[in-house]
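This report covers a single chain, its domains and its charged pairs. Please look over the sequence and the fold before reading on.

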Amino acid sequence: MSTTEPAFVVITGMSGAGRSTAAKALEDLGWFVIDNLPPGLLSSLAEEAGRVNMATDRVAAVVDVRSLAFTTDLNAAIEELDGRGVGVRVVFLEASDEELVRRFENVRRPHPLQGDGRLVDGIDRERGILREVRANADLVLDTSLLNVHELRKKIVSFFGGEDRPGLKVNVVSFGYKYGLPVDADLVVDCRFLPNPHWVPELRPLNGLDAPVRDYVLSQPGAKEFLDGYEEVFGVVAAGYAREGKGYVTLAVGCTGGKHRSVAMAEQLGARLRERGMDVQVSHRDTGRE
């Protein structure tokens, strides 16, 4: 990135998925944030931010699909900024159709793209328009199970504190019976290990408890899996760095997301930290049973 250009983040995604909350979190971290900016003005914003003596060198813009040429305009703006040496990061927020419907009904507002149709028609149309943008985003956050405080915490964890170069890794455990995390870049399966659920004294515990952790890690193949995947992820992380990807979500799954995946996610997170990576570990499905 040019030393005269600010760090630049584009916040986009589904209407109702939390774009405003993410923007407010960045503002509280000292970012200069502009809401509802047409994609065609991103280049002008970056140019002005680099020209004037701003109080911060971190700029974020919230953009949405109200522009008819949204995808074309956004892609063109990002390509232009990349060509000028501005390191643009795209954060995409999404949520399940059911959760989006609930949120819109709670605030008693129509979806901006539903027109004369139903709420679900607007959501479906928007999801189609955003498909390419989501695929190319640097960071995808599924907010279906997050309240505003939890979303704010995630944004702060990714963008707060000291600027650190390299890949930011989110390791999240989950249960297959609750579905794959939609924001996962990589998924690993721990169901090859014996399930502590069938050990009566371990059943009420979870993978954060020492007896469960020790049980899981003592099973044949557990250490070999951790050793092997740590090496594989090192290769993947280096490739992501070369391609300019700043964030990656690694999902670790077992049947219920309570025992094996939690223990293994914690171990993977610790190992990746030892390699110097910026890692946060979360557990999506603990407490759901």
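Is Asp 285 buried or exposed, and what is its relative accessible area? Asp 285 is buried, with a relative accessible area of 0%. Here buried means under 20% relative accessible area, exposed over 50%, and partly exposed in between (1.4 Å probe, protein chains only).

The model is predicted: local features need pLDDT of at least 70, side-chain atom pairs count only at pLDDT 80 or more, and totals for chains, interfaces and linings use all residues. Residues are numbered from 1 along each chain as its sequence is written, and side-chain values use heavy atoms, with hydrogens and water left out.

**Domains**

The chain splits into domain 1 (8–160) and domain 2 (168–283). These bounds come from an automatic or database domain assignment. The domain centres, taken over C-alpha atoms, are 29 Å apart. Domain 1 gives 13 residues to the contact and domain 2 gives ten, where contact means heavy atoms within 4.5 Å.

About 1100 Å² is buried between domain 1 and domain 2, 46% of it on carbon and sulfur atoms. Buried area is the accessible area (1.4 Å probe) that two parts lose on being put together, summed over both. Within domain 1, the most area is lost by Arg 89, Asp 138 and Phe 158, together 46% of what that side buries.

Between the two domains there are zero salt bridges. A salt bridge is a side-chain nitrogen of Lys or Arg within 4 Å of a carboxyl oxygen of Asp or Glu. Strand E4 (88–94), strand E5 (139–142) and helix H6 (148–159) each supply at least two residues of the domain 1 side that touches domain 2. Helices (H or I, at least four residues) and strands (E, at least two) are DSSP runs, numbered from the N terminus.

**Salt bridges**

Side chains of opposite charge can pair when their charged atoms come close. The structure holds 18 salt bridges. Three of these pairs are set out here.

| Pair | N to O distance |
|---|---|
| Arg 102 and Glu 99 | 2.5 Å |
| Lys 168 and Asp 278 | 2.8 Å |
| Arg 288 and Asp 285 | 3.0 Å |

Arg 102 and Glu 99 both sit in helix H4, three residues apart, about one turn of the helix. Arg 102 is partly exposed at 42% relative accessible area. Glu 99 is buried at 13%.

Lys 168 pairs with Asp 278. Lys 168 lies in strand E6 (residues 168–175) and Asp 278 in strand E9 (residues 278–283), so the pair ties together parts 110 residues apart in sequence. Both ends are buried: Lys 168 at 12% relative accessibility, Asp 278 at 18%.

Arg 288 is partly exposed, at 39% relative accessible area. Its partner is Asp 285.

A network of salt bridges links Lys 223, Asp 227, Glu 230, Glu 231, Arg 271 and Arg 275. Arg 271 lies in helix H9 (residues 260–274). Arg 271 is buried, at 18% relative accessible area. Not counting residues up to four places away in sequence, Arg 271 touches Leu 226, Asp 227 and Glu 230.

In helix H4 (residues 97–107), the buried residues include Leu 100, Val 101 and Phe 104. Helix H5 (119–136) is part of what covers the buried residues of H4. Just after H4, Arg 108 takes a positive phi of about 55°.

Asp 28 lies in helix H1 (residues 19–28). Asp 28 is exposed, at 56% relative accessible area. C-alpha to C-alpha, Asp 28 and Asp 227 are 40 Å apart in space, and 199 residues apart in sequence.
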